[in-house]
Amino acid sequence: MSTNMLTSSARLPALLKQVFGYDAFRPLQREIMEASLANMDAVAILPTGAGKSLCYQLPALVRDGLTVVVSPLIALMKDQVDQLHAAGVEATALNSSLDDREARKRLNALDAGRIKLLFVAPERLVLPDFLRSLQRWRVDALAVDEAHCISEWGHDFRPEYRRLVSVREVLPGVPVLALTATATPRVRADIVTQLKLIDPSVFVASFNRPNLTYRVKAKEKASAQVVEFVRARPDSLDDAGIVYCQSRKGTESMAAALVAKGVAAAPYHAGLDPAMRARHQDAFLRDELRVMCATVAFGMGINKPNVRFVIHADLPKNIEGYYQETGRAGRDGLPAECLLLYSRGDVAKYVGFLAEMEDLDARRVARAQLDKMAAFADSARCRRVELLGYFGETWSDGRCDACDNCIDPRESFDATVDAQKLLSCVWRIAQKDGFGVGLQHVADVLAGADTEKIRRWSHDTLSTYGIGKDRPRAAWLSLGRQLLQSGHLVQSTGQFPTLEISELGFDALRSRAAVMLVKSVVTVDESELGSDGKSKRKGAVKAGAIECDEPLFERLRVVRKSLADARGVPPYVVFSDVALRHMARAYPASRDEFLSVPGIGERKYADFGGAFGDAITQWLESHARVEFASVDARARVKSAPARKAKEVDALNETTTQTLALFREGHSIDEITRVRALSTGTIEGHLIAAIESGESFSRDQFMSAQTAREIDDAFASDSSGGLRVIFDQLEGRVSYGLLRISLALEQVARR
């Protein structure tokens, strides 16, 4: 390692804190940066939310020249440039959205050497004129984002990425860093080959996203199920989500169903007018739209960190796509939910589409990917185990306790008779022909299908032909997948995977030993689930949860939105939800206290610290500071010693108006409509009135049954805050009522 590289590497921690506001690197980040600074080619496979972008952004600050970043979408470029500008970094993008004057201005800045990071699409980068410009600028590094697009074995192959190798020819010796969140071992190897990377260092982080909860639920009436799921969650733009549908028509009907139930939603697909599509995306990024109903066209350009749920209303076509799309939830590390609605009808529909593909190799690859996706949905094993295993990673912690199969294991059943039929069919085919076949063909034989292969191989003469006519073909496919998972069958790994019977399977055939399997998702007993598909059992505290003063957090979100709108950027460009939750927990006042909050660097403190400091100071003038300790839920959210009523500042005019309406007997919902204010604001007024010494009883706000439920939830919880209590009550009690209940109890304790 050269002395210069050592010097550059030594500057990384200080810049990490100063510019980006973080005290420590995430796993593998520093190793990737040091490899790049040592002029080595590298491949970085990091899951969404693991900090891929920082791996080229931070080294760019210690390099003398320019770092060029290949990015596939204009929206993604703009988002990164906005965030870098907010952190005080000179960055720019060149793309087709710019007029001639703006493009010339940015090119002049590049010619003058003022830019540290340039974002550009692959199509522009490989143009001859642009390649000549690269030679004129001092390019010190090339980063290829979303590098899986270069591989035809990936889920999002883009031919223009294959031409990037020409950049290496005009920039000899410049290190290349290829980054992606989703790449199987085969795709990783293809990235190295197609980019002609020289002896690259390959970094593969864990694919585990501990803050995500995965659930698969039988698909019945998808729009009704989605509406029910969304309405059972906190009614807040902070609780935003994406609903993925496979068709354009599906996105529009899903958005209409949500809007009809009072949920701010809109569709997004490639068939929409570009201006309308841009408006919908912008509204979602700016926290003005709660749910985006989208096809996969709503993809890599979405960097919104506070997506709290992702729903697949239709079965994804492959696991890579599913993983990447669910990965858009909880990018900030806070808890998020991923729900997949599964039906065998979706599988059959896709199989019909695949039959129309003329490219037989592409059809075979797509069918294999679809089969693996269906097997994942059918699986009774831990979802985390299945996902990580697909990407070559072993989960060794047993139950993850954050998926449906771990939280609510499905009922087992005796599958002995049907298992013997399927195993016998595999055996009869191998005995007759001397070779194995795939699961699809075995299912055809059992179901008595009339296919070209069955006729050619005379499999309609087998004793097992048609012995499963009483069950749909899809049921045999599901059973076959379960027998693969249970070890009764094994599948070859060649170009055309075939089935073989394992020793366990032969034992089951010979001894007629009982074969116990788990019911498929599509037959799960819905009585075991809550209305939103969540477990009725009380689970552990969700990974990534940050307990904080929830009303203050909501207030800080308002401040953030105002500052973001003034700058014309999404709110998360100002500060992430993580930063706001830390503020609403620690109540920072001084410069040092603000700089200790994750995600606040010196430039962001200089630009925004004053506004948030003022907001926190004003909040504490009329609200008690909340303390957080690891005793029980009530102790952790109890107030510090409160002032007596006569010492509290008089209620302001707007709070007094709310109080007067409430005293007249109007409900919170009625006051919300009359005053055209949000429910949270009205609840905040009433909490302020309670804390000021106004006399209230709980029965003015809630029924005796609701009060008992709240008391029982607080009494039974020993590990979480209001969000955990809210989840335990399955959304039946709003955050506002929980906060009002706490305020009443705290006043009673004075």
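Which elements make a right-handed β-α-β unit? In this predicted model, strand E3, helix H6 and strand E4 make that unit.

**The β-α-β unit**

Strand E3 spans residues 91–94, helix H6 covers residues 100–111, and strand E4 runs over residues 117–120. The two strands, E3 and E4, pair in the parallel sense, with four bridges between them. In one of these pairings, Ala-91 has Leu-117 of E4 as its bridge partner.

Is strand E3 covered on one face or on both faces? Both are covered: Ala-91 and Ala-93 are buried on one side, and Thr-92 and Leu-94 are buried on the other.

Within the helix of the unit, Ala-109 is a residue to look at; Ala-109 is found in H6. Leaving aside residues up to four places away in sequence, Ala-109 touches Arg-114 and Ile-115. Between Ala-109 and Thr-92 there are 17 residues in sequence terms, and their C-alpha atoms are 9.1 Å apart in space. Thr-92 belongs to the buried residues of E3.

The side chain of Glu-252 joins that of His-269 in a polar contact of 2.8 Å. A polar atom of the His-269 side chain also lies 3.0 Å from the backbone nitrogen of Gly-271.

Why do His-269 and Ala-109 count as buried? A residue is buried when its relative accessible area is under 20%. His-269 counts as buried because its relative accessibility is 4%, and Ala-109 counts as buried because its value is 8%. The table sets out these values.

| Residue | Relative accessibility | Class |
|---|---|---|
| His-269 | 4% | buried |
| Ala-109 | 8% | buried |

**Helix H17**

How many of the eight residues of helix H17 are buried? Seven are, and the helix, residues 383–390, is mostly covered. The buried residues are Arg-383, Arg-384, Val-385, Glu-386, Leu-387, Leu-388 and Tyr-390.

Notes: Residues numbered from 1 in each chain as written. Predicted model: local features only at pLDDT ≥ 70, side-chain atom pairs only at ≥ 80, totals over all residues. Heavy atoms only, no water. Buried < 20%, exposed > 50% of the residue type's maximum accessible area, 1.4 Å probe, protein only. Polar contact = N/O pair within 3.5 Å; in protein donor to acceptor, adjacent residues only side chain to side chain. Contact = heavy atoms within 4.5 Å. Pairing = 2+ DSSP bridges. Right-handed = clockwise from strand over helix to strand, strands pointing away.
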